[in-house]
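Hi everyone, thanks for making time this morning. I'd like to walk you through a model, so please have the viewer open as we go.

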Protein chains: 2
Amino acid sequence: MAGRPVDHQRRAELLDAVVDYTVEHGFSDLSWRPVAAALGVSTMTLVHHFGTKEQMLVAILGRLRERMFAATGDMVGERPDLAAAARAAWTRTSAPERAAEFRLFFAVYGRALQAPEQFAEFLERVVADWMNALRDAQGPETDPATATRTATLVIATIRGLLLDLLATGDRDRVQDAAESFLATLEHRTPPPGAHDRAGPPAARR
Amino acid sequence: MAGRPVDHQRRAELLDAVVDYTVEHGFSDLSWRPVAAALGVSTMTLVHHFGTKEQMLVAILGRLRERMFAATGDMVGERPDLAAAARAAWTRTSAPERAAEFRLFFAVYGRALQAPEQFAEFLERVVADWMNALRDAQGPETDPATATRTATLVIATIRGLLLDLLATGDRDRVQDAAESFLATLEHRTPPPGAHDRAGPPAARR
DNA sequence: GTATTCTTTGTACAGTCGTACGGTAAATGT
DNA sequence: ACATTTACCGTACGACTGTACAAAGAATAC
């Protein structure tokens, strides 16, 4: 009754190779034929496994997120406090060997901003994923509004510094600014008038 | 000897119209024919005025920078201190009516990161322009290293917050975080161990 | 063995792309 | 009037795009 079984592993292999290609060769003018040629397969093989080009783009973004979150995101959640989580995030994201991945990340980000309906899932998750991780890192005793505010700032600052680093390559200057920012998280004092109970956290747990 | 004179104004009109179109319709799949159709001119008219497509992209980026700097950059230089300059910059850049321009800005940014040689000028200026303005805003009495560090952080934070705002549209949350950041600039206290002479600046001049 | 389903590939087609070529109308200098 | 240069446009060509169609080889169930 059943013929040849579907080879899910083959698709996963191809997808990983396609993501590799996209990280290296860019995202804006991606097309079937050059990718297929680079992978040493026929164009139609890719079409068979991914359907349409838009479906392949969706698959690429999903796999890319998996990779990047595996390299950075999970590390953040295990940290005892926000300052350590932010430092871990910055260390991971600014590592030179991840530069190509983040160039692709920002290329997708920019394109998503101009085609929101096509990249709706990306736009929904691009902030929310990190937001959850960074709010969790602040523990339940932190005021929710403060936690959200701080998480928003950490995400924004890290991504802004990354944009600078990738554009200028001036690692010394950017790293210096990052250290300054991380220091403000580590020696946190509530601004005048704020009712923020979070002092420098003693290591919980 | 000389025939019909070159109509520079006509080119400027077309360029402005093309930039308008690009801001609205995006940058990734820009091509002669749809633009020409939207402007009500022939494809060859655009080719005649801009040469090749790459030259038109260069012209678009240049005009876009002029526009954005006219709307934000010059305001920053006239401010008496960094906090006021940063607040002015944030107010201008986060204004809803400029959202489309900044979506295009980040789309170009992302693409430039993946084609550095083609967008070399953009990458050189995208940080340096603001950096100069924000260092000037801190006055000559600020330690140069501190001024650079602070300017880097202001640029990064504003752009990171803009990325968040454009992706999520959550203006309340982002504005709250921005206020928190701007407050740290206004009530600046040197972090422990730093030799930073810059207190809250009394209005110079 | 046969039947069935998946994998891979080649070919082909309609569409869009940038732009080279050629020609006409308009504006200048002599 | 004339020559010259620009402004604008239509046509055309080769390259590339996504993908529909068809066919061959491989792996399963019976």
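Axes here are lines fitted to C-alpha atoms, for helices over the stretch in contact, and angles run from 0 to 180 degrees between N-to-C directions. Helices (H or I, at least four residues) and strands (E, at least two) are DSSP runs, numbered from the N terminus.

A word on where this comes from. This is a predicted model, so local features need pLDDT of at least 70 and side-chain atom pairs count only at pLDDT 80 or more, while totals for chains, interfaces and linings use all residues. Residues are numbered from 1 along each chain as its sequence is written, and chains are lettered from A and ligands numbered from 1 in the order in which they are written.

Now, how do the two protein chains meet? Contact means that two C-beta atoms, placed from the backbone, lie within 7 Å. By that rule, 42 residues of chain A touch 42 residues of chain B. On the chain A side, α6 (99-114), α7 (120-136), α8 and α9 (171-186) each supply at least two residues, and α8(A) gives the most, with 15 residues. By class, that side has 23 nonpolar, twelve polar and seven charged residues. For the classes, Ala, Val, Leu, Ile, Met, Phe, Trp, Tyr, Cys and Pro are nonpolar, Asp, Glu, Lys and Arg are charged, and the others, Gly among them, are polar.

What rotation superposes chain A on chain B? It is 180°, with 0.0 Å of shift along the axis and an RMSD of 0.1 Å. That is the relation of a two-fold axis. Superposition is by least squares on the C-alpha atoms of residues with pLDDT of at least 70 in both copies. The same surface serves both copies, as 100% of the contact residues of chain A recur in chain B.

Let's zoom in on the helices. The axes of α8 (residues 144-168) of chain A and α9 (residues 171-186) of chain B come within 9 Å and cross at roughly 80°, so α8(A) and α9(B) are roughly perpendicular. Residues making this contact include A:Thr152 and A:Leu153 from α8(A), and B:Val174 and B:Phe181 from α9(B). Within chain A, the axes of α8(A) and α9(A) also come within 9 Å, but cross at roughly 170°, so this pair is roughly antiparallel. Among the residues that meet there are A:Leu161 in α8(A) and A:Phe181 in α9(A).

Is B:Ala156 buried or exposed? With 25 C-beta neighbours inside 10 Å, B:Ala156 counts as buried (20 or more is buried, 12 or fewer exposed, in between partly exposed). Leaving aside neighbours within four places in sequence, B:Ala156 contacts A:Thr157, A:Gly160, A:Leu161, A:Asp164 and A:Ala177.

Finally, the DNA. Near means a C-beta atom, placed from the backbone, within 6 Å of the strand. Of the 26 residues around DNA strand C, A:Gly3, A:Arg4, A:Ser42, A:Met44 and B:Ser31 come nearest, and α3(A) gives the most, with four residues. Around DNA strand D there are 26 residues too, the closest being A:Ser31, B:Gly3, B:Arg4, B:Ser42 and B:Met44. There, the largest share, four residues, comes from α3(B).

Definitions and conventions
Angles under 35 degrees count as roughly parallel, over 145 as roughly antiparallel, 65 to 115 as roughly perpendicular and the rest as oblique.
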